[in-house]
Amino acid sequence: RLHFAEIVEVGPGQRVFDVLVNGLTALNDFDIFAAAGAQNTAVVRELNVFADASGKLTLAFDKGPAGAPLVNGIEVLQPGAV
C-alpha cells in the first residue's frame, strides 16, 4: 500500500507522476490532489504486486508532466495479510 497526501500543491494537475514496481508501471500519471479530492487529505493506493525471483521489490517514482513525485508512506504486507 502506498500512502499519499498532497501537502504543498493547491489544485489538481500540479503534481503528476508515475509509480513503477519491479520496472512495470503500477500508477500512471498519478495526481495526488485529484485522487484525494483536496489538499491535506490522505489517499491510499493498494498495489497487488509480488517480489521478483530474487525476493526483491523495487519501487521507482518517475517525474511526470508536473511537479516532483511524493509518497508519504509505504506498507509491504505478506500475501493474505490484512
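User: How many aromatic pairs does the structure hold?

Analyst: This is a predicted model. Ring pairs link Phe4, Phe17 and Phe30 into a cluster. For the structure, the number of aromatic pairs is 3.

User: Is the aromatic pair of Phe4 and Phe30 stacked, edge-to-face or tilted?

Analyst: The centres of the two rings, Phe4 and Phe30, are 4.7 Å apart. Planes under 30 degrees apart would count as stacked and over 60 as edge-to-face. With 45° between the planes, the pair of Phe4 and Phe30 is tilted.

User: How many residues apart in sequence are the parts that the pair of Phe4 and Phe30 ties together?

Analyst: Phe4 belongs to strand S1, residues 2–5. Phe30 belongs to strand S3, residues 24–31, so the pair joins parts of the chain whose separation in sequence is 26 residues.

User: Is Phe4 buried or exposed, and what is its relative accessible area?

Analyst: A residue counts as buried under 20% relative accessible area. Phe30, the ring partner of Phe4, is buried at 6%. Phe4 is likewise buried, and its relative accessible area is 1%.

User: Are the rings of Phe17 and Phe30 stacked or edge-to-face?

Analyst: Both Phe17 and Phe30 are buried. Their ring centres lie 5.9 Å apart. Because the planes stand at 80° and angles over 60 fall in that class, the pair is edge-to-face.

User: Which strands hold Phe17 and Phe30?

Analyst: The pair ties together parts that are 13 residues apart in sequence. Phe17 lies in residues 16–21, which form strand S2, and Phe30 lies in strand S3. The strands asked for are therefore S2 and S3.

User: How many bridges join S2 to S3?

Analyst: S2 and S3 run antiparallel. Val16 stands opposite Asp31 in S3. The number of bridges joining S2 to S3 is 5.

User: Which strands stand at the edges of the open sheet?

Analyst: The sheet consists of 3 strands in the order S3-S2-S5, with antiparallel pairing. Each edge strand has a single partner, so one of its sides is left without a neighbour in the sheet. Neighbouring strands are turned by 20° against each other on average, direction ignored. The edge strands are S3 and S5 (59–66).

User: Is Val76 buried or exposed, and what is its relative accessible area?

Analyst: Val76 is placed in the segment after strand S6 (73–74). Together with Val49, Leu57, Leu59 and Ile74, Val76 makes a nonpolar surface patch of about 400 Å². Val76 is exposed, with a relative accessible area of 64%.

Terms used
Residues are numbered from 1 along each chain as its sequence is written. This is a predicted model: local features need pLDDT of at least 70, side-chain atom pairs count only at pLDDT 80 or more; totals for chains, interfaces and linings use all residues. Side-chain values use heavy atoms; hydrogens and water are left out. Rings of Phe, Tyr and Trp (its six-membered ring) pair if their centres lie within 6.5 Å; planes under 30 degrees apart count as stacked, over 60 as edge-to-face and the rest as tilted. Helices (H or I, at least four residues) and strands (E, at least two) are DSSP runs, numbered from the N terminus. Buried means under 20% relative accessible area, exposed over 50%, partly exposed in between (1.4 Å probe, protein chains only). Patches are made of residues with over 30% relative accessible area and no salt bridge: like charges are joined within 9 Å, nonpolar side chains (Val, Leu, Ile, Met, Phe, Trp, Tyr) within 5 Å. Accessible areas come from the Shrake-Rupley method with a 1.4 Å probe; for residues, only the protein chains shown count as cover. A salt bridge is a side-chain nitrogen of Lys or Arg within 4 Å of a carboxyl oxygen of Asp or Glu. Two strands pair if DSSP finds at least two bridges between them. Axes are lines fitted to C-alpha atoms, for helices over the stretch in contact, and angles run from 0 to 180 degrees between N-to-C directions.
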